Amino acid sequence: MAEINRLYRIIFFSFVVNLLVFPLWADDFQDGADAYLKKDYEKAHKLIFPLAKKGHAIAQYFLATMYDRGKGVSRNAMIAFKWYRLSAESGYSKAQFNLGEIYREGLIVPRDFSKTLKWYRLAAEQGLAEAQCNLGLMYENGKGVTQDYKKAVKWYRISAKQGYALAQSNLGMMYETGQGVDLNYEKAAKWYQRAANQGLANAQVSLGWFYEHGKGIMQDHKEAAKLYRLSAEQGNKVAQNYLGVMYVLGHGVSENYVLAHMWFNFAASLGLKEGAENKKRIETKMTNMQIEKAKQMAKSWKFLKNK
């Protein structure tokens, strides 16, 4: 449902731009976009392809996504790249962002962080939140540009104010670590909260840690355990380990070694060393029957939804 809503927003915006820039092609494009939403990809391709060939930037972008995902055509990354590039060169921000992603990943063209930076910046300057966030990451990590925490914070903040969850979480981390800004746990908690409210697992575990330890916010073990669970159920191994610890200590939840073992087991299976160590440690306090029960529970994800 979220993906469908996102596509509707893209298509509505695209249609408005289309009316302003390509008034003679508006109906054809909208018909193609409607067909795309209805998953009639053959019809969508038939309507969109001629527009793309005529230089319609948004049609070029949609055509690229069809080849990128194999919708109505055979999946072909190089053809997708071609249409993303043409759309990006015509100034369409979403194509610019995707082109930046392609150069960052280096899977179908050689990795080139300077080109990644170029396309992220062009999209970011047009107000695309995900490009602004990724541009911040480039500055934070010094990829394709001299490392600059202050510029990273600048772009994270611009993106975060648009409601982009990853940027909100990253901005929270900058306040938590004091990189590019003065260390401020209260502001870190505020931005983690906004991202956590959108369901971002990394923000949930970070905010949970703040609640557990009373950093920048009133200590609340129940809220910490709740946030760890939300993150853990999304597969975040750090949250799974932390939630296991809460069950061992009885903080925010009733003490339960079986559930603790189960969560440590999940974290360990995802490669977290601390999870494996904690699983071995808690087994010394459990009966064989309890250990077996924990292992059986770990095999049944549905069981977790009621816990």
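Buried means under 20% relative accessible area, exposed over 50%, and partly exposed in between, with a 1.4 Å probe and protein chains only. By that cut-off, Phe 210 is buried, because its relative accessibility is 0%. This is a predicted model: local features need pLDDT of at least 70, side-chain atom pairs count only at pLDDT 80 or more, and totals for chains, interfaces and linings use all residues. Residues are numbered from 1 along each chain as its sequence is written, and side-chain values use heavy atoms, with hydrogens and water left out.

**Overall make-up**

- The protein chain has 18 helices and zero strands. Helices (H or I, at least four residues) and strands (E, at least two) are DSSP runs, numbered from the N terminus.
- Of its 307 residues, 45% count as buried.
- Contact means heavy atoms within 4.5 Å. Among contacts with a separation of 6 or more, 46% join residues 24 or more positions apart.

**Phe 210**

- Phe 210 sits in helix α12, residues 201–213.
- Beyond four places in sequence, Phe 210 touches Glu 176, Tyr 185, Ala 188, Ala 189, Tyr 192, Lys 215 and Ile 217.
- His 221 is eleven residues from Phe 210 in sequence, and the C-alpha to C-alpha distance is 9.8 Å.

**Nonpolar cores**

- A nonpolar core is a set of buried Ala, Val, Leu, Ile, Met, Phe, Trp, Tyr and Cys residues joined through side-chain atoms within 4.5 Å.
- The largest core has 57 residues. Leu 135, Leu 171, Leu 207, Leu 243, Tyr 247, Met 262 and Trp 263 touch the most other members.
- Helix α15 (residues 257–269) gives the most to this core, with seven residues.
- Another core, of 31 residues, lies apart from it; among its members are Ile 58, Tyr 67, Tyr 84 and Leu 99.
- Leu 243 is in contact with Ala 225, Tyr 228, Arg 229, Ala 232 and Trp 263, leaving aside neighbours within four places in sequence.

**α8 against α9**

- Helix α8 (residues 129–141) packs on helix α9 (residues 149–160) at about 165°, with axes 8 Å apart. Axes are lines fitted to C-alpha atoms, for helices over the stretch in contact, and angles run from 0 to 180 degrees between N-to-C directions.
- α8 is therefore roughly antiparallel to α9. Angles over 145 degrees count as roughly antiparallel, under 35 as roughly parallel, 65 to 115 as roughly perpendicular and the rest as oblique.
- The α8 and α9 crossing is left-handed: the near helix is turned anticlockwise from the far one by less than a right angle.
- The α8 side includes Leu 135 and Tyr 139, and the α9 side includes Trp 155 and Ile 158.
- By class, this contact has ten nonpolar, three polar and two charged residues. Ala, Val, Leu, Ile, Met, Phe, Trp, Tyr, Cys and Pro count as nonpolar, Asp, Glu, Lys and Arg as charged, and the others, Gly among them, as polar.

**α10 against α11**

- Helix α10 (residues 165–177) and helix α11 (residues 185–197) pack at about 165°, with axes 8 Å apart.
- α10 and α11 are therefore roughly antiparallel to each other, and their crossing is left-handed.
- Leu 171 and Glu 176 of α10 are among the contact residues, as are Tyr 185 and Trp 191 of α11.
- That contact has nine nonpolar, three polar and three charged residues.

**α6 against α8**

- The axes of helix α6 (residues 93–105) and α8 come within 9 Å and cross at roughly 35°.
- α6 passes α8 in a left-handed crossing.
- Lys 94, Phe 97 and Glu 101 in α6 meet Glu 130, Ala 131 and Asn 134 in α8.
- Here two residues are nonpolar, one is polar and three are charged.
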